[in-house]
Structure formats: C-alpha cells, structure tokens
Amino acid sequence: MQEDRTTRLKRLQMRSMRRGIKEMDILLSAFAAANLEQMDAAQLDLYDQLLHENDQDLYQWVTGQAEPQERFRALVADIAQTYQK
C-alpha cells in the first residue's frame with residue numbers, strides 16, 4: 001500500500017529529527033521544515049534515499065569534509081545551504 005503525501009511528509013520530517021547523532025537531527029530537521037512541502041515526488045524519493053545513509057557519512061558530506069555520492073550532490077548542497085541561512 002502506498003502512503004499518501006501528508007503521511008509521507010510527516011514520516012520524512014520525523015526521520016529527519018530522529019537521527020543517530022544530534023548534529024544530523026539539527027541539520028536535517030531544519031532542512032525538512034523549510035523544504036519538504038515544496039518538494040515533488042522525485043525529490044522526496046531522493047531525500048528518502050538520503051535518509052537511509054549513515055549519519056557519519058551524511059555529516060561529512062554536509063560539512064564539506066567528504067564528497068557526497070553523485071546522486072546526492074545537489075541535495076546535500078541544498079541541505080548545507082539551509083543550515084547556513
């Protein structure tokens with residue numbers, strides 16, 4: 001069964017807030033609050049995939065300590081930009 005958009009947005013927001021490390025809770029919850037509503041289905045799919053990545057890797061990608069996977073580069077740049085605002 002496929003979840004409706006409202007349920008999906010709530011699930012992604014919750015997964016953004018409940019990470020393994022506090023730094024990623026802060027970074028991803030700020031991004032999710034500012035952007036999820038405006039994202040289309042393909043963008044939400046990519047964000048959902050990103051949330052399955054290891055927090056240590058995500059943190060290094062967002063802070064520029066390591067290069068993200070090609071498919072996540074634009075999304076990671078957007079997340080990093082959101083935090084800097």
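Axes are lines fitted to C-alpha atoms, for helices over the stretch in contact. Two packed helices are described by the angle between their axes and the distance between the axes. With that in hand, let's look around this predicted model.

**View 1. Helices α1 and α3 pack against each other in the predicted model.** Their axes lie 11 Å apart, at an angle of about 30 degrees. Angles under 35 degrees count as roughly parallel, and α1 and α3 are therefore roughly parallel to each other. The crossing of α1 past α3 is left-handed. On the α1 side, look for R5, R8, L9, R11, L12, R15 and S16; on the α3 side, find A41, L44, D45, Y47 and D48. Sorted by class, this contact holds six charged, five nonpolar and one polar residue.

**View 2. S16 is a buried residue of helix α1.** Helix α1 covers residues 5-17, and S16 is found there. S16 counts as buried because its relative accessibility is 0%. Which residues does S16 touch, not counting those up to four places away in sequence? They are M24, D25, L28, S29, A32, Y47 and L51. Take L28 from that list: S16 and L28 are 12 residues apart in sequence, and their C-alpha atoms are 5.0 Å apart in space.

**View 3. Helix α2 crosses helix α4.** Here α2 (residues 22-35) and α4 (residues 55-62) have axes that come within 10 Å and cross at roughly 60 degrees. That angle makes α2 oblique to α4. The crossing of these two helices is left-handed. From α2 come E23, M24, L27 and L28, which meet D55, L58, Y59 and V62 of α4. The residues of this contact are six nonpolar and two charged, with no polar ones.

**View 4. E53 sits in the loop between α3 and α4.** Is E53 buried or exposed? Its relative accessibility is 19%, so E53 counts as buried; the cut-off for buried is under 20%. Leaving aside residues up to four places away in sequence, E53 touches R19, L58, W61, Q69, R71 and F72.

View 5. For the protein, the mean pLDDT is 93, and 95% of the residues reach 70 or more.

Terms used. Residues are numbered from 1 along each chain as its sequence is written. This is a predicted model: local features need pLDDT of at least 70, side-chain atom pairs count only at pLDDT 80 or more; totals for chains, interfaces and linings use all residues. Side-chain values use heavy atoms; hydrogens and water are left out. Axes are lines fitted to C-alpha atoms, for helices over the stretch in contact, and angles run from 0 to 180 degrees between N-to-C directions. Helices (H or I, at least four residues) and strands (E, at least two) are DSSP runs, numbered from the N terminus. Angles under 35 degrees count as roughly parallel, over 145 as roughly antiparallel, 65 to 115 as roughly perpendicular and the rest as oblique. A crossing is left-handed if the near helix is turned anticlockwise from the far one by less than a right angle, and right-handed if clockwise. Contact means heavy atoms within 4.5 Å. Ala, Val, Leu, Ile, Met, Phe, Trp, Tyr, Cys and Pro count as nonpolar, Asp, Glu, Lys and Arg as charged, and the others, Gly among them, as polar. Buried means under 20% relative accessible area, exposed over 50%, partly exposed in between (1.4 Å probe, protein chains only). pLDDT is the predictor's confidence in each residue, from 0 to 100.
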